[in-house]
Amino acid sequence: NFYTPTETRIYENKVARCSLAEKNKIRKGERCKLIIRIYFKGKQRGDIDNIIKICLDGMTKIVYDDDKCVKEIQAKIFEHQQNERVEIEVFSLDNTL
């Protein structure tokens with residue numbers, strides 16, 4: 001196993017709790033696409049690839065069985081926003097949900 005910093009684990013757990021409300025679960029064997037929008041109050045903190053990885057790991061076993069099913073990702077960072085947040089949309093590439 002790899003070491004995961006405490007701050008990263010906390011954020012992954014937050015993503016996992018929010019993912020429980022996701023209605024579009026991806027079935028085993030299905031492929032999916034994610035659209036990720038990241039909103040910061042000030043200047044960007046953290047690399048976009050690290051933020052994406054935290055989101056992928058946090059949704060594993062909740063939205064999908066394994067993040068290997070994610071075949072497409074669109075991600076964008078918005079700076080100077082009122083509410084810091086991450087919005088994630090999940091779409092099946094194998095059927096219309």
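Biologist: What volume does the largest pocket have?
Modeller: About 410 Å³, taken as the space filled by probe spheres set on the grid points. A pocket here is an open set of points on a 1 Å grid where a 1.4 Å probe fits, with protein on both sides within 12 Å along at least five of seven lines; lining residues have an atom within 4 Å of a point. This is a predicted model, with local features needing pLDDT of at least 70 and side-chain atom pairs pLDDT 80 or more, while totals for linings use all residues. Residues are numbered from 1 along each chain, and side-chain values use heavy atoms, without hydrogens or water.

Biologist: Which residues are closest to its centre?
Modeller: Of 17 lining residues, Glu 7, Tyr 11, Phe 40, Arg 45 and Ile 51.

Biologist: Which element gives the largest share of that lining?
Modeller: H1, with five residues. Strands E1 (32-39) and E3 (85-92), and helix H2, each supply at least two, as does H1. Helices are DSSP runs of at least four residues, strands of at least two.

Biologist: And the second largest pocket, what is its volume?
Modeller: About 290 Å³. Lys 14, Val 15, Cys 18, Val 86 and Ile 88 are the closest to its centre, out of eleven lining residues. H1 again gives the most, five residues.

Biologist: Switching topic: at what angle do H1 and H2 cross?
Modeller: Roughly 55°, with the axes of H1 (residues 6-19) and H2 (residues 48-59) coming within 8 Å.

Biologist: Which H1 residues meet H2?
Modeller: Thr 8, Tyr 11, Glu 12, Val 15, Ala 16 and Ser 19, with contact meaning heavy atoms within 4.5 Å. On the H2 side are Ile 54, Cys 55, Asp 57, Gly 58 and Met 59.

How values were computed. Axes are lines fitted to C-alpha atoms, for helices over the stretch in contact, and angles run from 0 to 180 degrees between N-to-C directions.
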